[in-house]
Each structure stands twice: as structure tokens, then as C-alpha cells.
Amino acid sequence: MAFVAKRAHRQFLGLVLAVLGLILTAGTSGVNDWRLWYVDDLSVINSGVAWVGIWRACFYSHVLDTFEFCQSISITDSFIPPEIAAAQVLCMTAIPIGIAGNLIAGYAVRHVYFNINRGHIRWAFVLAGVLYLLTATCSLVPVFWNMNSVLENRTIDFPPEFHLPPAPYRQEVGMGIVMGICSSVLLIVSGLLLLSYRQPVKLQKPNAEACDTEEKAQSDTNMDAITETGEEGNENPAFQAEDKLS
């Protein structure tokens with residue numbers, strides 16, 4: 001009867017990290033503060049700071065109709081730079097890929113711990129790990145691209161209805177980019193943990209009949225050795241002289 005050790009603790013940890021990473025990835029695509037624009041003119045943007053995300057641009061104002069003024073950004077808009085368009089596509093692509101990876105990883109971990117049909121589990125972990133790394137890539141590319149634009153203080157030519165200046169006097173990296181980096185790190189670590197899975201070695205339990213046969217053979221060997229020792233003792237001249245005297 002074969003015994004297989006249940007060893008998937010690292011993979012279970014990778015699944016937990018991947019779930020957290022996917023939640024952060026979804027949050028990254030939804031937050032508005034990928035870029036922080038600092039402006040000089042406070043007549044409209046009273047706080048002096050505007051938040052530019054990949055889907056909206058927002059700021060606080062006391063002179064407009066709403067206190068928090070926001071305008072949507074679409075991939076079809078002609079004014080958006082390529083890094084924002086790429087972020088919209090890749091972030092939306094990363095989420096279903098990450099969900100698929102979580103489902104496959106959960107399936108594999110469950111089969112390991114319940115010892116169910118473990119022949120193909122290695123490939124399930126490999127597939128889930130690859131999907132996690134692909135999810136991290138889809139998140140990292142737009143994050144680093146937008147971070148580079150912020151560090152180089154590249155501007156966006158917003159239309160007049162956005163009420164944003166042609167260029168800020170200073171830009172900073174927002175929380176959206178920080179969240180994207182953290183989520184990608186978690187997904188990369190989880191992917192490597194899943195790819196490190198190795199099929200446990202099957203250990204064969206000893207058969208009771210084989211043990212009885214081996215013990216019997218060992219007993220016969222010991223008896224033969226005792227018999228040979230007795231025969232050698234009878235051939236000793238001292239024993240033969242003792243027999244003659246008696």
C-alpha cells in the first residue's frame with residue numbers, strides 16, 4: 001500500500017499571497033491617484049492637488065457644482081497618453097488571469113491535502129504559477145511606465161472641461177502605483193512558490209507476508225549454523241576421548 005506525504009504548505013502560502021495580490025491589483029486599477037498633480041492656480045483647484053488615475057481625473061473645488069470634481073478618462077479619448085491606454089487594457093486583462101490562477105491553485109492544493117487524483121497536480125501548480133507571473137507582468141508594465149512618466153514630469157493635454165492646467169509645476173507618484181508594485185511582488189512570490197512544487201516520493205509500506213518469509217528464512221539460517229557448529233564439536237579429539245572412557 002503506497003503512502004504519500006501531504007506536502008503543499010508553501011503552495012498554500014502562495015495561494016494566500018496570490019489572493020491578496022489580486023485584491024490589490026483590482027484596487028490598483030480603480031484608484032484615482034496614480035499621479036499627483038500640484039498646480040499653482042488655486043482658483044478652481046482649491047486644494048492645489050489633482051489626482052490623475054487611469055479611469056478618472058479628480059480634484060477638490062469650492063467653485064464648481066460638486067466639491068469633488070471628477071471627469072472620466074476613456075481609451076477612445078484622443079488626448080490620453082499611451083501609458084494610460086496601456087494601463088486600462090493590461091489592468092483589466094490581469095484580473096481574469098489572476099482569477100483563473102487562483103481557481104487552478106485552489107484546485108491543486110485541495111487535491112494535495114485530500115489526496116485526490118494526484119497524478120497531474122504538478123502540472124496544475126505549474127499552470128497556476130505561470131498565470132500568477134503573467135498577472136504580475138500585466139500589472140508591472142503599466143505601473144512602471146506611468147511611474148517613469150511621473151518622474152520625467154510628462155504632461156497630459158486635458159481638454160477644457162477637465163479644468164486642469166496644461167502642465168503641473170510638480171508631479172509625484174500616487175498610491176495607485178505603490179499598490180501596483182506591492183501587488184506584483186506578491187504575485188511573483190506566489191508564482192515562484194507554486195512553481196517550486198515537487199511530487200512527493202511514494203514510500204512502500206512493508207508487506208506482512210514478506211516479513212514472515214524473511215523471518216522464517218533467517219530462522220532456518222540460524223538453525224543450520226547451530227547444526228554445523230555441533231558437528232564440528234563432535235569431531236573434536238577431546239570429545240572422542242571422553243566418549244571412549246565412558
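**Exercise 1.** Does Glu 152 count as buried, partly exposed or exposed, and at what relative accessibility? Work from the predicted model.

*Solution.* 
Step 1. Locate the residue: Glu 152 sits in the loop between α3 and β6.
Step 2. Apply the cut-offs: buried is under 20% relative accessible area, exposed is over 50%, and partly exposed lies in between.
Step 3. Glu 152 has 44% relative accessibility, so it counts as partly exposed.

**Exercise 2.** Determine which strands pair with β2, and describe its two faces.

*Solution.* 
Step 1. Strand β2 covers residues 35-38.
Step 2. With β3, the pairing of β2 is antiparallel and has four bridges. Here Trp 37 is opposite Ala 50 of β3.
Step 3. With β6 (residues 170-173), β2 also pairs in the antiparallel sense over four bridges. Tyr 38 has Arg 170 of β6 as its bridge partner.
Step 4. Both faces of β2 are covered: Arg 35 and Trp 37 are buried on one side, Leu 36 and Tyr 38 on the other.

**Exercise 3.** Describe the largest nonpolar core and the elements that supply it.

*Solution.* 
Step 1. This core has 24 residues, and those with the most contacts inside it include Trp 34, Ile 73 and Phe 158.
Step 2. At least two residues each come from β3 (49-52), β4 (56-60), α2 (82-113) and α3 (121-151).
Step 3. The largest share, four residues, is from α2.
Step 4. Another core, of 16 residues, lies apart from this one; Ile 121 and Leu 187 are among its members.

Technical notes: Residues numbered from 1 in each chain as written. Predicted model: local features only at pLDDT ≥ 70, side-chain atom pairs only at ≥ 80, totals over all residues. Heavy atoms only, no water. Core = buried A, V, L, I, M, F, W, Y, C linked by side-chain atoms within 4.5 Å. Buried < 20%, exposed > 50% of the residue type's maximum accessible area, 1.4 Å probe, protein only. Pairing = 2+ DSSP bridges.
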